[in-house]
Structure formats: C-alpha cells, structure tokens
Amino acid sequence: MLQCADFYDAELSRHNRHLRAAANVGMHERILDIGCGAGQTTREAALIATEGSAVGVDTSAEMLEVARQRSAEAGLRNVRFELGDAQSHNFPAAGFDLCISRFGTMFFADPPAAFANIAHAIRPGGRIAWMVWQSQECNEWSGAIRQALAPGSTISEKAGKAFSLGDPLIATKLLSSAGFTSIDFIDVHEPVFYGPDVDSAVDALSHLYMVRDALSHTDGTADQPLQRLHDLLKAHMTSEGVLFDSRAWIITAVRSAG
Ligand SMILES: C[S@@+](CC[C@H](N)C(=O)[O-])C[C@H]1O[C@@H](n2cnc3c(N)ncnc32)[C@H](O)[C@@H]1O
C-alpha cells in the first residue's frame, strides 16, 4: 500500500499546486477531504488551517493507516482520518467550510446520493474544490497504457469511473441537483509523472488497478504486454522522467443557502 500512496503523490506532483490555489484554505477553516488516500492534501490543508481542522475520508483502511502515520510524523494535531464511503458516511450536518478532493469523487456507486450526502456536510455558503479527470480522450496515459497492455481492448466500467465527472454538463447537473451554485471548471493541463526512469515507472504502474485490469484482458502471458508497456514508457522518457499528457478539471462550487 505504501507504493500506491507514494505513487499518487509523485504522479500528481505537478497538479497539486493548482488544487492548492483553487482551494485557497483559510486559517480558521474546517476542511473535509474526500477520497483522501494517504492524506497529502489533507495534511497540506491542516498545515494552513492552524486554527481550524482537516478530516480525510477514504474507503481504504490501508491508505488511511499510511495517512495517520505520516500525520503523526509531521506532528499535526488538527487532522484526523475516518474510514468510510463518502456516499453514506455520517458527516456532521454543515460541519465543514470547505470540501477538497484530489481525484477522489469520481468513484461513487450512486453519485446523486453521494453528492447530496457531501452537500449536507458543508455549511451554506461553504465551498468545494475537487480535482477530477477530464474525458478519457483527453488523457493520453489511460488509452496509451491500456492499448500497450491489451491492444484493441476497451476500458472496463470500473476503470472508466475515473472519467465519470469529465463532462462538465454531467458534473454541473449532479452538483446543482445536490444544492451547489456558482459551479466553475478550471482547466488543468499538466503531465502525470510515472518515475525518474523506465524501470521505476513499470514498477510503479504495475500496482495500479488500471494496469491489472488491462492485463486481465490479455491471454495470460504477461511478458509481451509488459515489454510493450516498457517500450511505451521508454518513448515517454524525458529529461524530467517518464511523463504523459493529462488533462483535469478543478470543479469549484458554493453550497447554496436554501
Ligand atoms: C485516485 S485515488 C486518490 C487518493 C488521494 N486523494 C491522492 O490524491 O493521493 C482515489 C481515492 O478515493 C478513494 N475512494 C474511492 N471511492 C470512495 C468513496 N466512495 N468514499 C471515499 N473514498 C473513496 C480510494 O480508496 C482512493 O484512495
């Protein structure tokens, strides 16, 4: 699980500053981080909200264990982590001023129920700043890696969830039905980083669901697909490491008073 925790922090290192700027955390704010994983964004919020607090929620006990350990190591006293599905988790009503998420809000089984539950947790006038992937077509990493591993395959429903908020019309409808207004989309065009060299990129990617899912569509002999993955990553090796084009939205919105 450590590998997974480190993977996202490295992969999204160029994205993070955009989310920080959009979230604009205040010193007194109570922040909720949805799908916080190992909690980098939760800890960053807590560091700014010195007179407030930050709560991270995730369905993965293993990721939360890493999150708690890293927060303790950082000596943070205003941050905590709760295990739960944000779709149904028992959040305090109007208990938060700001809800952030770095790629943790696209996977709900029932998005309208999840968005309503999260809206209930944010005070009227409170806000959200969620980073989500744009459409799959805008994200080179997804298609290129899948085609290298399993040529001709189409993305599974589960893996495709990563792009479920990529269409601004769909995201806007979900958010406005849940009681959000002033819905805006910030275009973030930064590469994802998979490692300083090809071998570390292959190693990092092999732990991801996306890769295991694509491999399950091959004939069971993993050597050839992994060689093709290696070749693809080599073609994406730059002076800054293995990079792929990616495109995300930061969705900002305000919880309406009504
Ligand atoms: C792509 S990872 C991002 C993790 C973290 N935000 C980061 O940027 O490092 C998505 C995270 O969302 C969590 N997640 C997925 N569905 C969830 C749900 N229904 N409720 C809470 N967390 C969820 C996963 O366990 C995973 O840790």
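Predicted model: local features only at pLDDT ≥ 70, side-chain atom pairs only at ≥ 80, totals over all residues.
Start by colouring the strands. Seven of them, in the order E3-E2-E1-E4-E5-E10-E6, make up an open sheet with mixed pairing. Now pick out the two ends: strand E3 (79-83) and strand E6 (180-188) are the edges, and each has a single partner strand, so one side of each lacks a neighbour in the sheet. If you look along the sheet, neighbouring strands are turned against each other by 15° on average, direction ignored.

Next, zoom in on strand E1 (residues 30-34) and strand E4 (residues 96-102), which pair in the parallel sense over 3 bridges. Select aspartate 33 here, and you will find isoleucine 100 of E4 opposite.

**Helices on the sheet**

Show helix H5 (residues 111-121) now. Helix H5 packs on the sheet and touches E1, E4, E5, E6 and strand E10 (248-255). The direction of H5 makes about 135° with that of E5. Then move to helix H8 (residues 168-177), which lies across E6 and E10 and runs at about 150° to E6.

**The core**

Which residues have the most contacts inside the largest nonpolar core? Select Ile31, Cys99, Ile118, Val132 and Ile145 to see them; this core has 75 residues. Strand E5 (residues 122-133) gives the most to this core, with 7 residues. Stay for a moment on isoleucine 118: leaving aside residues up to four places away in sequence, isoleucine 118 touches Ile34, Ala86 and Cys99.

**Around the ligand**

Now centre on the ligand. There are 22 residues around the ligand, and Tyr8, Gly35, Gly37, Arg102 and Gly104 come nearest. Sorted by class, the shell has 11 nonpolar, 8 polar and 3 charged residues.

**Two positive phi values**

Most residues other than glycine have a negative phi. Asparagine 24, in the loop between helix H2 (13-23) and E1, has a phi near 45°. Is asparagine 24 buried or exposed? Asparagine 24 has 12 other C-beta atoms within 10 Å, and a residue with 12 or fewer counts as exposed, so asparagine 24 is exposed.

Finish at serine 182, which sits in strand E6 and has a positive phi of about 50°. Serine 182 also counts as exposed, because it has 11 C-beta neighbours inside 10 Å.

Conventions
Residues numbered from 1 in each chain as written. Core = buried A, V, L, I, M, F, W, Y, C linked by C-beta atoms within 7 Å. Buried ≥ 20, exposed ≤ 12 C-beta atoms within 10 Å, placed from the backbone. Helix = DSSP H or I, 4+ residues; strand = E, 2+ residues; numbered from the N terminus. Contact = placed C-beta atoms within 7 Å. Near = placed C-beta within 6 Å. Nonpolar A, V, L, I, M, F, W, Y, C, P; charged D, E, K, R; others polar. Pairing = 2+ DSSP bridges. Axes fitted to C-alpha atoms, helices over the stretch in contact; angles between N-to-C directions.
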